[in-house]
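Hi there,

Here is the structure I promised to pass on to you. Have a look at it first, and then read my notes below.

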Amino acid sequence: MSIDRRNFFKALGVTGLTLAAGKSLGATSSEPEKTEFRGMLYDSTQCLGCRACEEACATSHGLPLPQDEMKAGVIRKTSEIQRTVVNTYNTSKGEVFVKKQCMHCNQPACTAACLTQAMYKTKEGPVIWRADKCMGCRYCMVSCPFDVPKFEYHSANPKIQKCDLCYDRLQEGKIPACAEACPGALKFGSRRELLDEARKRIIEKPEEYVNMIYGETVAGGTGFMYISPAPFNELGFDTTLQNSSYPALSKGFLFAVPAVFVLLPTLLLGIQQATKSNQNKEEDHE
Amino acid sequence: MNNPAISVPKENSEKSVWRFFLSELKPRGKWLTPFNIISIPVMIMGVIIIVIRFWKGIGAVTNLTQEVPWGLWIGFDVVTGVAFAGGAYVLTFIVYILRIKKFHSIVRVTILNGFLAYVFYAGALLLDLGRPWNVVNPIIGNSFGTSSVLFLVAWHFLLYMIAELIEFSPAIAEWLGAKRARKILSGMTIAAVIFGITLSCLHQSGLGALYLMAKDKIHPLWYSEFIPVMFLVSSVFAGLSMVIFEGSISSKVFSDQISEKDHHSEKGIIHSLSGICAGAMFAYLFLNLLVFIHGKRWEYLNTPMGYWYLVEMIGFVLVPMLLFYYSYRRMNINLIKVAAAMTMIGIILNRLNVTVIGFRWNAPVHYFPSWMEYVVTLTVIFAEIWIFRWIITRMPVLRESPAWAKEEE
């Protein structure tokens with residue numbers, strides 16, 4: 001994670017300098033943007049709870065339209081037939097809507113877990129799932145701290161269902177279906193711009209927002225970010241998740257593997273050679 | 001079924017080779033043994049359930065949920081089964097690297113056990129894969145997920161199975177009377193052993209490392225960054241307890257296979273193994289204590305999960321460790337067997353606590369395996385025992401190698 005964030009701040013600094021240097025350099029500043037992570041900003045204060053995003057998502061991915069009702073106190077979860085859900089919460093600041101889907105982590109646990117690269121972090125930002133590679137081991141589900149990937153348990157040819165930030169639509173130059181359908185709570189853009197936007201909104205109206213952007217640092221930073229009028233732990237968010245990336249947890253083990261692979265056989269061979277004389281003496285005792 | 005006459009003529013025509021294999025395929029001994037009466041209906045039911053699983057999907061036969069995607073088939077069949085197969089790498093280390101000849105009479109049966117465990121538990125893994133037709137993807141190289149611990153484990157399973165097959169292959173050559181092949185295969189043993197021990201160390205710990213990223217899902221009493229070390233250390237005494245347990249059953253069931261000399265050395269072997277077990281368990285307990293105190297985990301102790309933790313650690317690690325030590329000092333073989341059985345229960349508890357019981361321990365809806373999951377698990381175990389029995393009664397595993405093979409050594 002540290003590298004990504006460093007790069008991110010570097011990019012931020014460079015952009016700042018470029019802007020300071022004047023508009024003549026503006027053309028070059030658009031160059032790094034091409035490989036920047038795309039993401040989404042969800043502003044709870046703007047959400048009407050209309051669930052147009054749910055419908056647009058279902059239509060655009062060929063999934064059944066959501067039928068269940070949205071009620072406070074009932075937490076609907078994303079499932080193998082629903083990639084995004086909107087829930088309503090009774091909080092200390094009144095009724096607040098929250099949309100849930102894949103967070104599109106900067107360093108996703110699911111892609112680090114995947115042994116076939118079926119779960120894949122694209123350079124544009126979306127984390128996608130590729131059917132031709134997946135063997136259905138479900139290690140991505142074990143690893144994801146947000147419990148996002150869903151598995152079609154009742155199919156002989158099961159797929160993993162999760163939000164892919166409409167990667168196909170992005171390739172066509174369109175924006176994700178939910179953002180297109182949303183009357184104003186969802187904003188699609190580069191992660192850097194969205195962070196700036198989120199900070200700006202919080203600073204401009206400090207009385208309307210809690211001073212936190214969920215997704216800025218959690219799990220090493222995510223592509224989907226939230227700002228809200230109520231504290232995030234009242235909105236079904238896990239605020240105890242670590243701020244460093246999840247793949248870092250198994251990095252130490254993986255780095256030790258090549259060392260063990262060289263050192264242990266050498267050691268074993270050494271012991272085996274060293275016990276040779278021993279054997280010659282004791283052979284007859286058997 | 002006592003020492004079947006193995007006499008494959010040297011220049012055998014194709015026909016007689018077939019006849020040999022067909023005669024070897026035929027069952028030997030009584031059909032209606034208690035084991036057969038229990039295992040055959042279970043296995044038939046298991047096969048039916050497996051057919052349903054591939055026809056209707058995993059959800060039709062298991063209780064797995066979106067929150068708990070790995071259940072009994074992974075937690076018990078694979079993770080626990082592989083720990084019990086750890087005896088093979090420990091014993092090959094003792095016999096081939098340290099050259100302690102005392103254990104030589106049990107090394108072959110332990111390797112066979114390890115090999116079959118891997119074949120069947122990796123097989124059980126296939127049942128759990130949603131898209132098993134893509135299982136070759138991480139192997140043939142069109143998509144290497146090199147950042148994945150599971151990638152490492154998958155490769156190590158495959159390579160270790162090959163290494164164990166090579167280690168065991170002299171017995172197959174002796175069965176077939178293939179003298180030249182036996183000579184070549186025996187020459188590969190040391191290389192396979194060194195390779196196999198390295199692979200074992202890495203994937204025994206790797207199975208623990210699989211759960212490193214599930215930091216927020218496993219109960220804190222069982223999660224630490226040292227899970228890989230814990231899994232590795234506990235695989236030593238898990239494997240050896242299995243060797244003691246399995247050996248005491250084999251020596252009764254297959255007593256006609258075991259020579260007088262080996263029968264006599266059996267007690268000495270079990271006695272030495274109990275000493276190793278006690279030592280390894282002490283190291284394991286000490287590591288756990290370090291993690292517990294260093295992680296300041298006192299607050300979790302006075303909770304239901306905390307009591308459960310104490311049951312595992314005291315009842316099934318500390319007590320059997322003391323039993324091993326006590327019976328090691330007193331040469332009490334029966335007590336050693338009791339300690340081995342308790343240790344095995346402890347290992348099952350530990351692996352299930354990490355993978356199933358402690359996994360999402362705080363979820364509103366808990367995962368309990370369906371009866372069909374148990375039946376399939378039993379089917380896998382019974383199938384392994386059937387193959388094990390088939391090999392034992394035909395190849396020189398427990399009994400002495402044929403005279404010509406001994407001369408070569």
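Let's start with a pair of strands: strand 1 (residues 38–43) and strand 8 of chain A run antiparallel and are joined by five bridges. Two strands count as paired if DSSP finds at least two bridges between them. One such bridge links A:Tyr42 to A:Leu186 in strand 8 of chain A. Helices (H or I, at least four residues) and strands (E, at least two) are DSSP runs, numbered from the N terminus.

A word on the source: this is a predicted model, where local features need pLDDT of at least 70, side-chain atom pairs count only at pLDDT 80 or more, and totals for chains, interfaces and linings use all residues. Residues are numbered from 1 along each chain as its sequence is written, while chains are lettered from A and ligands numbered from 1 in the order in which they are written.

Back to chain A, where three strands make an open, mixed sheet in the order 8-1-9. Strand 8 (186–190) and strand 9 (224–227) of chain A are at the edges with a single partner strand each, so one side of each has no neighbour in the sheet.

Now the two chains together: the contact takes 47 residues from chain A and 47 residues from chain B. Here, residues are in contact if their C-beta atoms, placed from the backbone, lie within 7 Å. On the side of chain B that touches chain A, helix 9 of chain B gives the most, with eight residues.

Enjoy exploring!
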